[in-house]
Amino acid sequence: MHITLTELRYLIALDKERHFGRAAKRAFVSQPTLSVAVKKLEGELGVTVFERNRGEARVTPIGRRVIEQAYRVLGEVSALEAVAEQGRDELKGALRLGVIYTVGPYLLPHLIPKLRESTPDMPLIIEENFTGTLTQQLRNNELDAVIIAMPFDVPSLSTWALYDESFVVVMPQNHPWTSRTQIEANDLATEDLLLLGPGHCFRDQVLSLCEDCRDREETRQSQAGSSLETIRHMVASGLGITVLPRSSIPGLAHDSNLLETRPFAGTAPTRRIAIAWRKSFPRPKAINMLREAVMNCDPSGVTLLAGEPAFNIDDDSFTATL
């Protein structure tokens, strides 16, 4: 049996696209080249990985197991390449960084200049996505590290806390609540609360603040935004109110004449943002410099967590915890 890494990469491209034409473009080859390679691979294995129908591809049950193994094989190859690179310089070469949607727009504009200054030979390849998608990409070795919201407890992955940030209520300037100095969390259920769509962890965190809000969301067709910025614009237009993380508040300056913010009454709800990476990731100094850059850029309205990690940066067992 002779299987090449190129064939495995074509297999994964087809798994991602489920269409031969699009997979060929993703792999930067012609469609016939990709089709022949996949067919050859299936012949070597003696199984059908994809069912074919007019250019479309559907994974068979045994094909799913083959593809999962292909991810693992290519992940080990990537780790091997990274080990060799580590021998030269851990801070040289791109770092594949995933960031959740509600952090990226507010952290990255500060983070990237700091990294360019401290690690000029380590550019970022950035992927913004949902926590679940980023987690799978991290486990598949498609990403090197992700910045996510806690809680996040995934086997084989380590986490290192970055900062805590509180939530604030945002409303139109002429809203009756502007006469208040603080907002009770339970009162959110009495207003048109604009939220991110399903799949966003921040949506779930906001709904957890108010039991009536969660019950109401289950029984009504609410307005949902694709991003915090979209929701902000809808609030500015008078459609309702929302809850935003403190790091996003400096961006409200563009609508300062249309929006007001108020803190929550009592102890403010918060979320914790952290870095996560595979415990086997062979570039620990890159993780260390990534976190150091976050500490140096000091995102607006957050409380940096300056605790030291539970590891020796020169040790082979590079793990950290909250």
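Me: What makes a stretch such as α1 (5-17) or β4 (124-129) count as a helix or a strand here?
Reply: Helices are DSSP runs of H or I with at least four residues, and strands are runs of E with at least two, numbered from the N terminus. In this predicted model, α1 (5-17), α2 (20-27), α4 (61-88) and β4 (124-129) carry their labels on that basis, and each of them supplies at least two residues of the lining of the largest pocket.

Me: How do you know which residues line the largest pocket, and which are the closest to its centre?
Reply: A lining residue has an atom within 4 Å of a grid point of the pocket; 23 residues line the largest pocket, and the closest to its centre are I12, K16, R96, N141 and E142. The volume of this pocket is about 620 Å³, and α4 gives the largest share of its lining, six residues.

Me: What makes a residue of that lining nonpolar, polar or charged, and how many fall into each class?
Reply: Asp, Glu, Lys and Arg count as charged, a listed set from Ala to Pro counts as nonpolar, and the others are polar; by that rule the lining of the largest pocket divides into eleven nonpolar, five polar and seven charged residues.

Me: What lines the second largest pocket?
Reply: The second largest pocket holds about 410 Å³ of space, and of the 17 residues that line it, R72, R139, N140, N141 and R278 are the closest to its centre. Both α4 and α6 (131-139) supply at least two lining residues, with the largest share, seven residues, coming from α4. By class, this lining has five nonpolar, six polar and six charged residues.

How values were computed:
Residues numbered from 1 in each chain as written. Predicted model: local features only at pLDDT ≥ 70, side-chain atom pairs only at ≥ 80, totals over all residues. Heavy atoms only, no water. 1 Å grid on protein atoms, 1.4 Å probe; cavity = no way out; pocket = protein on both sides within 12 Å on 5 of 7 lines; lining within 4 Å. Points joined across faces, edges and corners; volume = space filled by probe spheres on them.
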